[in-house]
Amino acid sequence: MTVDPLTGHRKVVRRSFQAKPDAVGAAEDRLREGEQQLRRTARALAEVLERTGQGLEASPEVARSVQASENRWRSIAREYGLLDSGAVAVLLGGSGTNRNRAQQLAKEGKIIGVKRGRGTLYPGFEFDHGEVRPIIAEVAAVGRRNQWTDPHLLLWLASPNGYLDGRVPARMLDQPDKILEAARQDMAERW
């Protein structure tokens, strides 16, 4: 209710809320973001199930596992960068159109890649000043001898490790002896 200053009459004013309060707008944004995340998760899950031939039925546990894995790769991408083969070629001093360089290094076991989308990506921590870090090939060799896959090796390198007092191997690549010993301990076959 307001009072008209000219006439002094009281009148009821109905206000139309054109703009939404900040809290409502923020909540709607979070809902939209959550919906988009759910759609991305469903697409990723469908791709995984399609590749494994399991059809499209999955338990909530499988869906959570797929989402956790996707979140981990996104975290690695943010922290270290995930480079495609063209970016690796440029980083190593070649032409961005020479995508064979990364594939050849991966085939030789000198770098480790992970299939993401339609291509293979390589974490930036594998390289230092335009060179491939030799410790990557050494860790990969230990892991492969013990049947570790490339994605598991990369996750190991980018995760806190008990043999390194909780430190992350990818953050201490200037201490290759410690990393290699941790890899031998952690990746060894256990009976």
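Modeller: Helices α5 and α7 are roughly parallel to each other (angles under 35 degrees count as roughly parallel, over 145 as roughly antiparallel, 65 to 115 as roughly perpendicular and the rest as oblique). The model is a predicted one, in which local features need pLDDT of at least 70 and side-chain atom pairs pLDDT 80 or more, while totals for chains, interfaces and linings use all residues. Residues are numbered from 1 along each chain as its sequence is written, and side-chain values use heavy atoms, without hydrogens or water.

Helix α5 spans residues 134–145 and helix α7 residues 176–187; they pack at an angle of about 10 degrees, with their axes 9 Å apart. Helices here are DSSP runs of H or I with at least four residues, and strands are runs of E with at least two, numbered from the N terminus. Axes are lines fitted to C-alpha atoms, for helices over the stretch in contact, and angles run from 0 to 180 degrees between N-to-C directions.

On the α5 side, I135, E138, V139, V142 and G143 meet P176, I179, L180, A183, R184 and M187 of α7; contact means heavy atoms within 4.5 Å. The residues of this contact divide into eight nonpolar, one polar and two charged (Ala, Val, Leu, Ile, Met, Phe, Trp, Tyr, Cys and Pro count as nonpolar, Asp, Glu, Lys and Arg as charged, and the others, Gly among them, as polar).

V139 leads on to the core. The largest nonpolar core has 28 residues, of which F125, V139, W156 and L157 touch the most other members. At least two residues of this core come from each of α2 (60–80), α5, α6 (150–157) and α7. Such a core is a set of buried Ala, Val, Leu, Ile, Met, Phe, Trp, Tyr and Cys residues joined through side-chain atoms within 4.5 Å. A second, separate core of seven residues includes V88, L92, L105 and I111.

Not counting residues up to four places away in sequence, L157 touches I112, F125, I136, V139, V168, P169 and A170. The C-alpha atoms of L157 and A183 are separated by 9.0 Å, although the two residues are 26 apart along the chain. A183 is also one of the α7 residues that meet α5.

Key: Buried means under 20% relative accessible area, exposed over 50%, partly exposed in between (1.4 Å probe, protein chains only).
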